Amino acid sequence: MKTTTDTTTPSLSSWGAFTLVFGICFAVLYVVCDMAALPLFTYHPGTDRIDLGYAPARPDEGPAMYWYGWLASASLGSAILSGLAALLPDKIRGKIPLALAWVVPVVLLPVLIYSLKFYWRWE
Amino acid sequence: MDFLFDYISVNTFWTILFIVHALLAVALLGALTHQAAAVLTPPRTEDTGGFVRRFRSVSAPSYTAVVCLLWVLAFIFGGWIYAKYRIYVRIPIEQEGFYKTLGAFELKEHLSSIGLGLLPFYWYLWKNVGNTTYASARKWLTLVLAAICWYSFLSGHIVNNVRGFGL
């Protein structure tokens with residue numbers, strides 16, 4: 001793998017800022033889209049029907065799937081935000097904490113577990 | 001795709017897709033675990049031979065591209081069979097009342113998606129492996145991805161044990 005020279009400069013290139021902000025925003029937006037029911041589209045696997053936005057399951061047509069729509073919503077939103085982050089001046093980009101890339105998913109874990117509280121039951 | 005069904009049954013087709021997904025996951029698990037071990041406990045110079053030393057003595061950066069590729073491929077295959085899972089696997093498991101199993105699998109779906117979004121930065125950090133200011137983020141992000149991979153692998157395995165594709 002190609003490596004850069006050793007440096008102690010805590011700076012991010014435009015691409016680095018794009019990838020960092022994309023990862024952070026994708027995680028946050030994905031959880032928001034899940035909890036607030038904000039899929040870009042709804043897929044009905046029983047009939048291969050696709051509805052724009054959130055659509056409840058139709059009678060006699062099987063379940064509705066939102067996961068694909070959450071991925072699309074989170075991807076679109078985070079692409080826009082990370083694109084803006086890449087345009088920031090070098091001085092500001094360097095102040096984005098790199099640790100957010102792994103701290104955010106760890107912090108979101110209990111939120112996700114809570115969002116699935118419907119399943120954590122003993123019967 | 002319909003021409004395939006002249007040769008194999010629909011059930012066989014989906015089973016093949018699932019097995020490919022599972023094999024990709026095994027390869028990803030191995031690659032990420034090697035890399036995580038290498039960054040978590042780098043081999044010491046005074047270490048002699050042995051399985052543990054050899055396991056963590058890999059060239060961690062060389063795993064990056066293959067980890068990204070395997071994650072994406074496993075995700076695509078997982079997303080492909082997910083529609084069938086929703087109807088033919090999840091509904092029977094719901095009817096049996098195995099809600100915690102389903103919840104564990106839903107969590108896998110969320111975590112593997114978040115992991116997918118983190119791959120570009122993971123790749124960036126490892127591409128710039130010579131930059132010491134990235135070392136901590138690189139180490140912890142790798143460990144988080146490895147943890148997600150292990151969780152996803154095990155929860156998927158449990159669901160398969162509970163139901164599989166019911167063929």
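Contact here means heavy atoms within 4.5 Å. The model is predicted, so local features need pLDDT of at least 70 and side-chain atom pairs count only at pLDDT 80 or more, while totals for chains, interfaces and linings use all residues. Residues are numbered from 1 along each chain as its sequence is written, chains are lettered from A in the order in which they are written, and side-chain values use heavy atoms, with hydrogens and water left out.

**Stop 1: two helices of chain A**

Select α1(A) and α4(A), residues 14–35 and 100–115. Helices are DSSP runs (H or I, at least four residues) and strands likewise (E, at least two), numbered from the N terminus. On the α1(A) side, pick A:Leu20, A:Ile24, A:Ala27, A:Val28, A:Val31, A:Asp34 and A:Met35; these meet residues of α4(A) including A:Leu100, A:Val104, A:Leu108 and A:Tyr114. By class, this contact has 13 nonpolar, 1 polar and 1 charged residues. Ala, Val, Leu, Ile, Met, Phe, Trp, Tyr, Cys and Pro count as nonpolar, Asp, Glu, Lys and Arg as charged, and the others, Gly among them, as polar.

Now draw the axes, which are lines fitted to C-alpha atoms over the stretch in contact, with angles from 0 to 180 degrees between N-to-C directions. The axes of α1(A) and α4(A) come within 10 Å and cross at roughly 10 degrees. The two helices are therefore roughly parallel (angles under 35 degrees).

**Stop 2: where chain A touches chain B**

Select the contact between the chains: 49 residues from chain A and 42 residues from chain B. Together they bury about 3900 Å², 74% of it on carbon and sulfur atoms; buried area is the accessible area (1.4 Å probe) lost by two parts on being put together, summed over both. On chain A's side, α1, α2 (67–86) and α4 each supply at least two residues. The largest share, 11 residues, comes from α1(A). That side divides into 32 nonpolar, 12 polar and 5 charged residues.

**Stop 3: chain B**

Note on methods
Parallel < 35°, antiparallel > 145°, perpendicular 65-115°, else oblique.
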